[in-house]
Amino acid sequence: MDWQASLSILVTVAVLGTLIFTNVRPHIVMMAALTIFSATGILTPSEALSGFSNSGLITVAAMFMVAAGIHASGGVDILVNRVLGTPTTLRSAMLRIYAPVVLLSGFLNNTPVVATMIPAIHAWCQKIGISPSRLMIPLSYSAILGGTLTMIGTSTNLIVNGQYQTLTGSDGFSLFFITLIGIPVAIAGGTFMLLFFPYLLPKANQQKEAFTDLREFTLEVSVATDGPLVGKTVQEAGLRNLRRVYLVEIERGDTVLTAVSSQVTLQGGDRLVFAGETQAISQLLRINGIVPSCTQDETALSKSRPERCLVEAVVSPHCAAIGQAIRDARFRDRYGAVVLAVARNGERIQGSLGTIKLQAGDTLLLEARPAFVSRQRFNRDFLLISDLGKETPQHDRAYLAWGILIAVVGAAGLGIINMLDASLIGAGLMIVTGCLNTNQAERSLDLTVLITIAASFALGAALQKTGVAAMLAENIALLSDYKPWLMLILTYVTVSILTEIITNNAAAVLMLPITLEMTDKLGLAHEPFVLAIMMAASASFATPLGYQTNLMVYGPGGYKFSDFLRVGIPMNIFVGAFTIAVIWVLFPLT
């Protein structure tokens with residue numbers, strides 16, 4: 001083994017260790033690996049950057065925009081409103097969610113599908129009297145299963161197809177290549193959920209209770225009319241750097257000043273709303289010029305105001321504020337919003353709000369300016385933006401957006417044009433027809449995901465070029481005693497474990513060159529093993545961090561980490577065993 005192979009192994013181990021044990025974001029890790037491979041000459045510049053021109057990556061980007069067009073036009077809302085209805089049992093409610101979500105996720109990126117469904121499911125749960133904790137995990141798992149129906153169902157399928165084309169020089173796979181496996185697995189997975197989830201899912205929804213009473217985490221005082229604070233700025237009055245609370249808004253007559261700047265000048269009679277420890281009211285009243293609020297019959301935030309909106313948002317793994325205390329995260333400057341409360345593991349975090357360090361999956365209750373929701377809808381700092389106001393969606397181009405999607409899928413499915421061209425044309429039509437404006441199209445492109453995918457191609461290329469993939473493939477073959485069925489199981493299990501601890505795309509891209517080397521060495525067909533990689537990379541149920549939609553429902557469902565383990569581990573085992581069995585029956589391994 002030469003130094004290039006040794007360095008490739010070292011970089012691969014470092015990448016895995018960094019992704020597992022640190023909070024360094026995946027695109028930074030993958031770009032660092034790409035830089036090392038290019039700078040040391042292991043890969044030529046063109047080889048290192050080949051992922052950025054890969055057809056699979058461009059298809060993913062275009063499908064982000066197609067999905068955003070369906071989402072922005074209200075296309076998903078129409079389906080939700082017509083399908084959900086009024087079920088009388090938990091199982092019938094799960095079935096009503098499962099059917100449309102599986103279908104939608106087969107042809108759209110499941111992130112906007114789940115993002116649209118979450119607030120709808122919350123409202124629906126109140127109507128039918130079922131706790132959201134009973135339906136949010138089924139929502140996520142249905143989206144995951146739906147992603148296995150077609151090659152455009154998840155970005156992972158497209159990326160595996162694109163890397164397969166690069167490594168083998170073949171034309172890749174058709175739109176419905178995975179469907180023969182995906183349909184029976186989706187049906188079996190849905191049946192498993194209907195039979196066992198009513199006994200496994202938590203019955204209580206603590207998250208809904210966490211943000212119910214605004215009095216529990218806000219407190220209000222007033223500025224004395226003739227007091228010493230009149231005419232002073234918020235900073236000069238000493239109201240900016242209080243330890244246990246911080247200023248959210250100022251109610252002044254008929255107007256409200258939200259996300260208050262330090263330079264706002266106080267006026268007599270201003271009603272000040274603070275967030276934090278409600279026990280700190282005595283601390284505020286010690287300030288000369290602060291008096292108790294004269295209207296304690298209702299909280300200021302309970303009134304509907306055009307200047308503000310209350311928003312629930314789930315912190316994404318890509319959020320720049322992760323690891324920072326709320327006080328240091330500059331929410332006012334960065335997002336035009338302030339944090340009122342934080343829930344984690346289904347319960348609101350007590351104590352000093354400003355010192356809470358944010359983690360991926362935290363649910364935030366924010367007070368923001370009205371533009372916040374539309375501005376953040378397609379950004380990746382928050383996986384879910386749920387406006388708690390009464391915003392009415394516009395559906396005037398919803399049917400047109402559905403028509404474009406059907407045309408894209410039909411053209412690619414019938415082989416009229418390839419998936420890349422179909423997705424690019426679909427994205428262009430979404431913009432040209434007004435289903436999606438250019439700002440929304442730009443925001444729908446998750447650059448961190450795209451960079452991660454493109455850079456991870458360099459890791460796969462280096463493993464193959466230096467012979468490391470061949471060495472690992474030989475070891476897997478030895479471990480399986482050269483039995484094809486055992487190699488198939490090991491491939492699936494390895495990808496499944498990697499998907500739970502790193503990203504699903506990275507797990508798939510890492511394993512594909514190893515698997516191709518193994519199958520070529522033993523003269524086995526590629527297809528069943530490629531299918532195993534695609535399915536294992538998508539079938540991530542055991543943790544909220546393993547798959548993006550799991551993280552999206554983590555907070556709104558009021559779940560604890562253990563809830564996912566209790567439900568997801570049996571689901572992982574069942575879906576994995578069933579998938580391997582279906583591949584074994586339908587695809588010859590030799």
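## Terms and basis

A residue is called buried when its relative accessible area is under 20%, exposed when over 50%, and partly exposed in between, using a 1.4 Å probe and protein chains only. By that rule, both F177 and F587 are buried.

The model is predicted, so local features need pLDDT of at least 70 and side-chain atom pairs count only at pLDDT 80 or more, while totals for chains, interfaces and linings use all residues. Residues are numbered from 1 along each chain as its sequence is written, and side-chain values use heavy atoms, with hydrogens and water left out.

## The chain as a whole

The protein chain has 24 helices and 10 strands. Both kinds of element are DSSP runs numbered from the N terminus: helices are H or I with at least four residues, strands are E with at least two.

Of the 590 residues in the protein chain, 58% are buried. A contact means heavy atoms within 4.5 Å. Among contacts between residues at least 6 apart in sequence, 80% join residues at least 24 apart.

## Nonpolar cores

A nonpolar core is a set of buried Ala, Val, Leu, Ile, Met, Phe, Trp, Tyr and Cys residues joined through side-chain atoms within 4.5 Å. In soluble globular proteins, nonpolar side chains tend to be buried together.

The largest nonpolar core has 144 residues, and those with the most contacts inside it are I121, L135, L139, Y141, F197 and M571. Apart from this core lies another, of 29 residues, which includes V311, C319, V338 and V342.

F197 counts as buried because its relative accessible area is 0%. Leaving aside neighbours within four places in sequence, F197 is in contact with M94, I137, P138, Y141, F192, V567 and M571.

## Aromatic pairs

Rings of Phe, Tyr and Trp (its six-membered ring) pair if their centres lie within 6.5 Å; planes under 30 degrees apart count as stacked, over 60 as edge-to-face and the rest as tilted. The whole structure holds 10 aromatic pairs. One of them joins F177 and F587 edge-to-face, with 6.4 Å centre to centre and 70° between the planes. This pair links distant parts of the chain, 410 residues apart: F177 is in the loop between helix 9 (155-168) and helix 10 (179-200), and F587 is in the segment after helix 24 (561-586).

F192 and F197 form another edge-to-face pair, at 6.2 Å centre to centre and 85° between the planes. F192 is buried, because its relative accessibility is 11%. Ring pairs also link Y141, F192, F196, F197, F541, F574 and F578 into a cluster.

The expected span of a helix is 1.5 Å times one less than its number of residues. For the 14 residues of helix 9 this gives 20 Å, which agrees with the 20 Å between its end C-alpha atoms. After helix 9 comes G169, with a positive phi near 75°.

## Helix 6 and S105

The 16 residues of helix 6 should span 22 Å, and the end C-alpha atoms are 22 Å apart, which agrees. S105 is found in helix 6 (residues 90-105). S105 counts as buried because its relative accessibility is 0%. Not counting residues up to four places away in sequence, S105 touches N110, V113, A143, G146, G147 and G153.

## An exposed loop residue

D226 lies in the loop between strand 1 (218-223) and strand 2 (245-252). With a relative accessible area of 76%, D226 is exposed. The C-alpha atoms of D226 and G289 are separated by 8.1 Å, and these residues are 63 apart along the chain.
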